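Work through the exercises below with the model open. Try each task before reading its solution.

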Amino acid sequence: MYKHSIADKKRRLILASLILITTPFIYFTYVFTRPDTISHYNNDLTSNNSCFCNYLPIEQPLEVKKEETSIDIKLPPLPQETTDKINGNLLKDRILIVAAANYGMRNHVYNWIESLKRTEVTKFIIFCLDDKLYEHLILAGYDRQVAKIPDTWFHQQVEASFSLYFSETYRIITHAKTLVVQQLLYLDISVFFSDIDIVWIRPQIVEYMNTMMKMRPQTSVLFQQEGVDQQEVNSGFYLMRPTAITKRLLAETIVIQDTNEKLTQQGAMNAALNKLDLDIRTTGVVLLDLLYFPNGHVYFNLDLPRQHGIKPFIVHANYLIGEDKKTKLMEQNMWYLNDTWLNEIDIKFEQHYVEPKSENTA
């Protein structure tokens, strides 16, 4: 009797399960085979004013603008003096080491120059974002390696004062750097760009990176990395060839930054990269090794190169603000500038320099 009741219970459970399983199929077969349902469903898919979200909750994708910024542009010619200085500092394969800075960062400019000397680099050009830095560098003896940026290159005026990260002046300065590089690419120059808060440590950096570029013909640009997750590029250190890819990248960067006042050059450039082919097998964008080309977070905060016994090619003092840059570089024996010499130059400079009169001055 007991065994029989157990068997009955099992049969009832099995029957109930079959009913639960088959009922939804029967229902949906009925619903979706009704003529009015099929007609209504098709109308929803073809109607411009309807939404299929009543049937299935589909996540709406972000709108992606597929139109590309034109790179078929004509840029104003350079002054002959600037052209001569560029030609006089070109390296093999038409590579030009480039920096851009304003007067407020002059101590880092001179420390950068000293680091180049220690790595046996003598050819470079500094594009000055204001007249004051230009005159100061000429007084210091670098007249063959400095150039003024023509006013026609600027989209917004740059101030001569020191600029903190994410300030409005800093954003304008970084934007001006993009405009400089764009002009050089259209002169068929491979731009080796370096921020001036970078210290060059090992010799033959240019040769090393140029060899990396040549080993893989489809490579258009070698970028230092930002952070540690290999997701962002740092726009303060790179070797960029004059290709359609890099011209489009800079054109997109300029458009993005012109239309978004909150983005720095680096933010705009990373946004512009989203429009490029980033497949590791075919992309023209290649990232430099974090341990050999560390950013400030990797070198100063995480201390990764030292922990692994690696001597980097360069050290970037980003992730540091204001005087912290100099302080950290001094702690690492990377502040090569003789501050007494700079003070003497400053005094001499202030005695002779006359601020240009504003156009608005009567």
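**Exercise 1. A salt bridge within a helix**

Task: Find the salt-bridge partner of Lys 117 and state how far apart the closest N and O atoms are.

Solution. This is a predicted model, so the values are computed from predicted coordinates. Step 1: the partner is Glu 114, with the closest N and O atoms 3.3 Å apart. Step 3: check accessibility. Lys 117 has a relative accessible area of 45% and is partly exposed. Glu 114, at 24%, is also partly exposed.

**Exercise 2. A salt bridge across the sequence**

Task: Lys 325 forms a salt bridge with Asp 197. Which parts of the structure does the pair tie together?

Solution. Step 1: the closest N and O atoms are 2.6 Å apart. Step 2: Lys 325 belongs to helix α12 (residues 323–331), while Asp 197 is in the loop between β4 and β5 (198–200), so the bridge links parts 128 residues apart in sequence. Step 3: apply the cut-off for buried, under 20% relative accessible area. Lys 325 is at 10% and therefore buried. Asp 197 is at 8% and therefore buried.

Step 1: turn to another pair in helix α12, Lys 328 and Glu 331, 3 residues apart. Their side chains meet in a salt bridge at 3.8 Å, N to O. Lys 328 is partly exposed at 32%, and Glu 331 is exposed at 52%. A search of the whole structure finds 12 salt bridges.

**Exercise 3. Strand β4**

Task: Decide whether β4 is enclosed or open, and why. Then identify the strands that pair with it.

Solution. Step 1: count. In β4 (residues 190–194), 5 of the 5 residues are buried, so the strand is largely enclosed by the rest of the structure. Step 2: sort the side chains by direction. Ser 190, Phe 192 and Ser 194 point one way; Val 191 and Phe 193 point the other way. In a regular strand, side chains alternate between the two faces of the sheet. Step 3: find the neighbours. Strand β1 (residues 95–101) runs parallel to β4 and is joined to it by 4 bridges. Leu 96 stands opposite Val 191. Strand β7 (residues 232–240) runs antiparallel to β4, again with 4 bridges. Here Ser 194 faces Phe 237.

**Exercise 4. The nonpolar cores**

Task: Which residues have the most contacts inside the largest nonpolar core?

Solution. Step 1: the largest core has 51 residues, and those with the most contacts inside it are Trp 112, Ile 126, Leu 137, Phe 192, Trp 200 and Phe 237. Step 2: helix α4 (residues 106–118) gives the most to this core, with 5 residues. Step 3: look around Trp 112. Among the residues it touches are Ile 97, Phe 124, Ile 126, Ser 194, Asp 195 and Trp 200. Step 4: a second, separate core has 31 residues, including Leu 90, Ala 100, Met 269 and Leu 276.

**Exercise 5. The surroundings of Thr 178**

Task: Is Thr 178 buried or exposed? What does it touch beyond four places away in sequence?

Solution. Step 1: Thr 178 lies in helix α6 (residues 168–185). Step 2: its relative accessible area is 1%, so Thr 178 is buried. Step 3: its contacts are Leu 250, Thr 253, Ile 254 and Gln 265, leaving out residues up to four places away in sequence. Step 4: compare sequence with space. Thr 178 and Gln 266 are 88 residues apart in sequence, and 9.7 Å apart from C-alpha to C-alpha.

How values were computed:
Residues are numbered from 1 along each chain as its sequence is written. This is a predicted model: local features need pLDDT of at least 70, side-chain atom pairs count only at pLDDT 80 or more; totals for chains, interfaces and linings use all residues. Side-chain values use heavy atoms; hydrogens and water are left out. Buried means under 20% relative accessible area, exposed over 50%, partly exposed in between (1.4 Å probe, protein chains only). Helices (H or I, at least four residues) and strands (E, at least two) are DSSP runs, numbered from the N terminus. Two strands pair if DSSP finds at least two bridges between them. A nonpolar core is a set of buried Ala, Val, Leu, Ile, Met, Phe, Trp, Tyr and Cys residues joined through side-chain atoms within 4.5 Å. Contact means heavy atoms within 4.5 Å. A salt bridge is a side-chain nitrogen of Lys or Arg within 4 Å of a carboxyl oxygen of Asp or Glu.
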